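I opened my notebook to look at one chain, from the whole down to single residues. My notes follow.

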Amino acid sequence: DVSRVAWAFAKCTSRHTKLYAGIADYLSSLSSLDSSSSQHVSMLSLSFAKQGKRHWQAFQALAEKVVPIVQAFDDQQVANVSWAFARLEIQDEHLFTVLMQRASETMYNMHHRYYEKKSQAAAHIHWRQLFVVYKFCCRRCPSTIASLGRGLASDLQRIDAKDFSGGLSEGSGVESVASLRKLDAMIAESEDFQWFPQDGLEASNNGMEPSGEISSGNALAAQLIHNKLSPPIISLLKFNRSPEAFRKALLEGAELHECIAALEQKGLPAVLKSGAKIFVRPEDYGAVLDAVESMAEPLYSS
């Protein structure tokens, strides 16, 4: 199955350019898709986005085939496909308009709600993805914003304004103020670091708080960067916010445990006096600090 192969490579972060070019050719060769293909479209879109592959041929083919079957999409599929196009900044105003019109139905209708089948946390994930789409369309697709249904437009505006005087509309899954605050925390964290965002395909009944899911994803991304920087390349990352969940994920999580342990074994702190964190091989520690000092770049605790 093409979509599952693409998703597997996206999950393991294996950047196989020829594979994705072949998938794009395959998509272009299809004359149409039937309504049963909605989940495959969702997985393919998300796979390209997670790989950071802005493949015009693939996304043009996907856009052409999504519109006729969009009424078969549930909330997860709407969120994943629209997020993928927005994340890669592919401006297709007609597609976004069709998807957001469908979102006006799926985000409030129990019959179209995928997350009821899997995890309540997925409700927040889908709203977070849809908010990313909304912000992109505010910048690039004004006619999509103008066509939003009243309820969806009001809820997205409430999220954007951080209006905690009440929750979102009835049927949204985010009706309480507490639930809306949790969504806001997810958005704040995902705005900082979006290489590997959590999504509805990954949500599960594991009891993990949404903010913990994002922080664990961020820590994993940091570990992947550490593994791939050879020859040594210095990356200075600055985050808008540094919640406790993120700090714990970096310093206490399994993703960076080996790196931190190796530094500590050599008597090298992973947290500098400035509060900045450093994740390097022990043999590179001194050279990295010297190089950063020569850059005259300020270091931050987040």
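Predicted model: local features only at pLDDT ≥ 70, side-chain atom pairs only at ≥ 80, totals over all residues.

I started with the secondary structure and found 14 helices and zero strands. I then read the elements in order from the N terminus, and the run is α-α-α-α-α-α-α-α-α-α-α-α-α-α.

Next I looked up burial. The chain has 302 residues, and 49% of them count as buried. I also checked the surface.

Then I turned to contacts. I took those between residues at least 6 apart in sequence, and 72% of them join residues at least 24 apart.

Where does Ser172 sit? I found Ser172 in a loop, with helix H9 (150–161) on one side and helix H10 (177–192) on the other. Is Ser172 buried or exposed? Its relative accessible area is 1%, so Ser172 is buried, the cut-off being under 20%. I looked for a partner of its side chain too. A polar atom of the Ser172 side chain lies 3.1 Å from the backbone nitrogen of Val174.

My second residue was Leu299. I located Leu299 in the segment after helix H14 (285–295). Its relative accessible area is 34%. Leu299 therefore counts as partly exposed, because that value falls between 20% and 50%.

Which residues form a nonpolar patch on the surface with Leu299? I noted Ile234 and Leu236. Together, Ile234, Leu236 and Leu299 have about 210 Å² of accessible area.

Definitions and conventions
Residues numbered from 1 in each chain as written. Heavy atoms only, no water. Helix = DSSP H or I, 4+ residues; strand = E, 2+ residues; numbered from the N terminus. Buried < 20%, exposed > 50% of the residue type's maximum accessible area, 1.4 Å probe, protein only. Polar contact = N/O pair within 3.5 Å; in protein donor to acceptor, adjacent residues only side chain to side chain. Patch = residues over 30% accessible without salt bridge, like charges linked within 9 Å, V, L, I, M, F, W, Y side chains within 5 Å. Areas by Shrake-Rupley, 256 points an atom, 1.4 Å probe, with all protein chains shown as cover. Salt bridge = Lys/Arg side-chain N within 4 Å of Asp/Glu carboxyl O. Contact = heavy atoms within 4.5 Å.
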